[in-house]
Protein chains: 6
Amino acid sequence: MRPSGREPNQMRAVTIERGVAQKAEGSCLVSFGNTKVLVTASVETSIPSWLRGKGQGWVTAEYGMLPRATGSRTRREATAGKQSGRTQEIQRLIGRSLRAVVDMQLLGENQITVDCDVLEADGGTRTASITGAYVALSDAIKWMDERKLTKGVALRDSVAAVSCGIYRGTPVLDLDYLEDVEAHTDANFVMTGSGKFVEIQGTAEQVPFSRDELNALMALAEQGIGELTLLQQAAFAP
Amino acid sequence: MRPSGREPNQMRAVTIERGVAQKAEGSCLVSFGNTKVLVTASVETSIPSWLRGKGQGWVTAEYGMLPRATGSRTRREATAGKQSGRTQEIQRLIGRSLRAVVDMQLLGENQITVDCDVLEADGGTRTASITGAYVALSDAIKWMDERKLTKGVALRDSVAAVSCGIYRGTPVLDLDYLEDVEAHTDANFVMTGSGKFVEIQGTAEQVPFSRDELNALMALAEQGIGELTLLQQAAFAP
Amino acid sequence: MRPSGREPNQMRAVTIERGVAQKAEGSCLVSFGNTKVLVTASVETSIPSWLRGKGQGWVTAEYGMLPRATGSRTRREATAGKQSGRTQEIQRLIGRSLRAVVDMQLLGENQITVDCDVLEADGGTRTASITGAYVALSDAIKWMDERKLTKGVALRDSVAAVSCGIYRGTPVLDLDYLEDVEAHTDANFVMTGSGKFVEIQGTAEQVPFSRDELNALMALAEQGIGELTLLQQAAFAP
Amino acid sequence: MRPSGREPNQMRAVTIERGVAQKAEGSCLVSFGNTKVLVTASVETSIPSWLRGKGQGWVTAEYGMLPRATGSRTRREATAGKQSGRTQEIQRLIGRSLRAVVDMQLLGENQITVDCDVLEADGGTRTASITGAYVALSDAIKWMDERKLTKGVALRDSVAAVSCGIYRGTPVLDLDYLEDVEAHTDANFVMTGSGKFVEIQGTAEQVPFSRDELNALMALAEQGIGELTLLQQAAFAP
Amino acid sequence: MRPSGREPNQMRAVTIERGVAQKAEGSCLVSFGNTKVLVTASVETSIPSWLRGKGQGWVTAEYGMLPRATGSRTRREATAGKQSGRTQEIQRLIGRSLRAVVDMQLLGENQITVDCDVLEADGGTRTASITGAYVALSDAIKWMDERKLTKGVALRDSVAAVSCGIYRGTPVLDLDYLEDVEAHTDANFVMTGSGKFVEIQGTAEQVPFSRDELNALMALAEQGIGELTLLQQAAFAP
Amino acid sequence: MRPSGREPNQMRAVTIERGVAQKAEGSCLVSFGNTKVLVTASVETSIPSWLRGKGQGWVTAEYGMLPRATGSRTRREATAGKQSGRTQEIQRLIGRSLRAVVDMQLLGENQITVDCDVLEADGGTRTASITGAYVALSDAIKWMDERKLTKGVALRDSVAAVSCGIYRGTPVLDLDYLEDVEAHTDANFVMTGSGKFVEIQGTAEQVPFSRDELNALMALAEQGIGELTLLQQAAFAP
């Protein structure tokens, strides 16, 4: 039924390759099927001016997409002179998701900027970004720990994200581009490794959805996030 | 327990005054307690270039906040030279919410732009905006009907929005600013008059939330939207 | 003769309602007929960097217009990414007009920003803005006096503004939109309560004007400003 | 009494050299004392889109200042990424002043853009610009006449401008920079060769001015414009 | 002597991997040592407006760098709101280099946009970009040939680029970052496969260079370009 | 053979008039035939933040072109809201060229900004700018010497620039606009008075060039720079 032949509750092949950017304190190349995102986490020993003197750190994120990550070329935002509303929405979401699992006091007066740059886009770029961002962030914090820049265990939990949607009447997990275009309802779930929600964004594209449908999507998301959490753990294995 | 003395499931006083902008095809002043938004709906008999020749219309929204709608003055976005990420996120949400209840074919090749300008902000500006935007939009479509610009009954349902959150451990309905600042979880619900979901945006500010907590918030939202729907209907009464 | 049926020297109904913005240190809603401007005055205990260390304060103004204040929707300046030349001209005029009646030394090292946002536009938005701005400014300075932020009586005089023009050959007072579009000459006068000039801006739209015509407009302006000054005083009455 | 030793009603030495820009249809270098402005008038056989099909032309102006036209270097507006409010105000004034003496119907569907670029600034750059702009515009229209691009005598009158002010209590003509900084009142007058007013902009810098003072400034302006009109005529002499 | 231990006339390891971007008509990942650039060539069947009706095509290039391609994070240009002067210089150079080997008539009325995005930067990003851009462009033109979009053999020659410089007194080939920072003279050479020059840019960083030194750099460049041309040919081998 | 009737190795008439801008610490009007550039050098006793505390100075350049310096009017960059890629490339080139002959340590913690504004453009605006910029810079440094702002003889050499190209098969010196448009190869050379190279930029417009052709252009450049160096010296003669 699904264009890819997947089962409704079957995720795409997900891979996380750490350490791909030589210069970054943390990095990974995360793939959800044909969606590929290069994530770097950069540690800066300075913080935004509005945080100075509060003895705490900050985590922020930026998101971009290479012009030909998409089927037809998308205009480069640097040429357009501004980030689109969509881009800003996504990078704000990534930043909030990461901050939900970081103890800012224990981070010390340091800032970590996580850059998620989409090399290829086939649906789910924001959920792949968040899932990979946790891995890169985690490595950056470990780098800080080794240099005694943190004041304790700053990471409280892991975090991952997945999208679900109602495709031709059936709730399905991890939408790819073809499904995303057609789905009547599209929801992104960000959850911690311990199974709690950090963010839910559900949108009815054309047909409003019922509470039952939302519950079905939530169940799929819980399963998917469980799988992603295991993959994140595996990525850290020696 | 709530700063305003309200019950957990008690909304603020909500008023909707139609026809406040003499020149607009539809307009209202909507108040959720001390939050006041001036909404206008403007009909234009042209459509965005990417829609031309498709025989359909479009509904879009813009959002702004007067500099002193807030406790301390906020920089004017026209002076800053761009809209903030928050502003863009909100106006995209309003636009999607309205489009979910409009049949674009029946609208004809016309565009309605809904402007939501916050005169005073005390929490819930986006939910008040959506709730008022439906009323202004509805009047604008009636204006179009009278001039035979539509091709049928373009409005499929009503739409309204409310925020809920977990304040000091208790799920509460319709957060005001004091609650919003402190709430651990903040969720915005957009629903149709017929009780279906158009949009859910739930965010854990510091502490991730459980599925039970989300269910409690959803129940509050359903009640609140029910009340708002009645108030919208009352606003149209002669 | 006038579209509104007014006498040549008859102003529109003018109302000034103080305290409409709960959070601002000073505010009013000023109406010149169907032109409605929401004015707020915001006190900030910091000053522009180029004034630091000079022991004086500053008064500045910003001007905006809601998109549907006009007969057909005007593009939002925050979306366009910049303020128009017209907007900048007007806000510079408002700022100069207010500064002409304020003693910057007695204001202390504080800045007052006056925001004039046009809710409905029917001609004379800049003159209504200045007239209302004085009222909001005055309340903000009183607020400062009560908190001992000023160093004496910083307000030296009152200030108000009115437009005059030559409409179908006759000098008339307080042009509305219909007259403004057609008038051959359009002049804005800013005067103090004591009857002196702060600013004169006279423009021949198509037909240059003579010194006699200018004198006739000045006489009308003096009368109009006299009436506005009384209305400002009345607005402060208990 | 004046820093330059001039009489109160004495203008600076004014020179107008035509034809300085080889490529422009009209041009001149105009000097008011040490203020020097290079003016070009460019004819384009297209018009702004909002004028198309109306069978008329348009005249517009742009204004700029070289970074080191001033005593200390001013930031280049092209680097800053926008024109200042002051620049926009001035170029709008120049454009209105020129349009007041041009019959747009007789200009045909052509646009003339007049560029005023200040090479050295010593007060009065906007009045020198307008005075020179008329000369460049006039040559550009003559160029059009020769090519039968106009439909008749499009120039209805000449136009020139001068500033006056109250300097140390005395009304003086044609302020230079030292006077401009200190003057209590500063007024710019734009008048036609036939002695009528096109534009008056009077501003009280610190002390409001009386009607008598304004009349004294007007008398000085009439004298100065008379002299400038003769100089403009002389510039056209073979 | 060189930080990398290379001989003066020894290039870094260069690899070119074609077809890395699934959606692009041509693409490659090009590496010059640790410098890695992802290049895509996008075919669009429309051309810039200034070329319409001339029966010819166009090739243009854009250049970007991921924020953490560098040792410390560089600000994202999309966030800064504009491309830097350096970025614009580089993308103009890439575009000119490619256009030098394409017959625009034979390309038909199509545009090819080549995007060079630097994933890792270790010196020579512009020369690696040009070298890879030729490969991606070539594949895109082959794609067009197969669809009969071209009017003949549009590629006239191959093109590649390399940098040379004087490092500690010795002319060396293919500078890496450590050498680039310290080199007294830095020159970029763009040459065709047939051994002619397309572009030379030589810059004395601190010490001006002599004609002999330039000749030595040219000889190194000719050798390096010869090697790169072979590598480009090898990349196309089945 | 050349449109101007010049010999292949004949430069246009070059004039350098010093001291044309009264307020600048150094200035000149430089002409290469009909190309005219007004150059000012401004001394500021502050330096960019990234240089603070290093005990050295800085020299930077900006470039602009009056809208009607060209045959048809070019859009003003201040109106467009940004400098073009071409402008940025040129001003970066001018800055690098000047810095190559200045000892930054001996300049003290001061910055000199050189502004090159093209009044008329007939080819070679960047080479005329550099040639004049040296003269203005030199006067500004002399001004600093007199005020003991420098720490020694900061100017190490003179610098000048000229373009050469292959026009209808013949290498020619100092291209004017008509030649520039048609030339197959266009190269700009920046050289010191002592005959060394500071910058070489050679571009094949359509036909790649050979090493022999480049050598021929270099020989022409050496001759031309020799002449320009003498003219620079003559400009300083009493």
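The model is predicted, so local features need pLDDT of at least 70 and side-chain atom pairs count only at pLDDT 80 or more, while totals for chains, interfaces and linings use all residues. Residues are numbered from 1 along each chain as its sequence is written, chains are lettered from A and ligands numbered from 1 in the order in which they are written, and side-chain values use heavy atoms, with hydrogens and water left out.

**Two interfaces in numbers**

Let us start with the terms. Contact means heavy atoms within 4.5 Å. Buried area is the accessible area (1.4 Å probe) that two parts lose on being put together, summed over both. A salt bridge is a side-chain nitrogen of Lys or Arg within 4 Å of a carboxyl oxygen of Asp or Glu. A polar contact is a pair of N or O atoms within 3.5 Å; within protein, one must be able to donate a hydrogen and the other to accept it, and residues adjacent in sequence count only if both atoms are side-chain atoms.

| Pair of chains | Residues in contact | Buried area | Salt bridges | Residue pairs in polar contact |
|---|---|---|---|---|
| Chain E and chain F | 29 of chain E, 29 of chain F | about 2,700 Å² | 4 salt bridges | 14 residue pairs |
| Chain E and chain A | 37 of chain E, 37 of chain A | about 2,800 Å² | 12 salt bridges | 24 residue pairs |

Carbon and sulfur atoms give 49% of the area buried between chain E and chain F. On the chain E side, E89(E), F197(E) and R211(E) lose the most area to chain F, together 22% of what that side buries.

One salt bridge to look for joins the side chains of R92(E) and E89(F), at 2.6 Å from N to O. Three elements of chain E, α2 (85-99), β9 (197-204) and α5 (211-236), each bring at least two residues to the side that touches chain F; helices (H or I, at least four residues) and strands (E, at least two) are DSSP runs, numbered from the N terminus. With 8 residues, β9(E) gives the most to that side. By class, the side has 10 nonpolar, 10 polar and 9 charged residues.

The strand β9(E) also runs antiparallel to β9 (residues 197-204) of chain F, joined to that strand by 5 bridges; strands pair if DSSP finds at least two bridges between them. Here G202(E) stands opposite I200(F).

How are the two copies related?

**Where chain E meets chain A**

For this pair, carbon and sulfur atoms give 43% of the buried area. One of the salt bridges links E62(A) with R76(E), whose closest N and O atoms are 2.9 Å apart.

Notes
Nonpolar A, V, L, I, M, F, W, Y, C, P; charged D, E, K, R; others polar.
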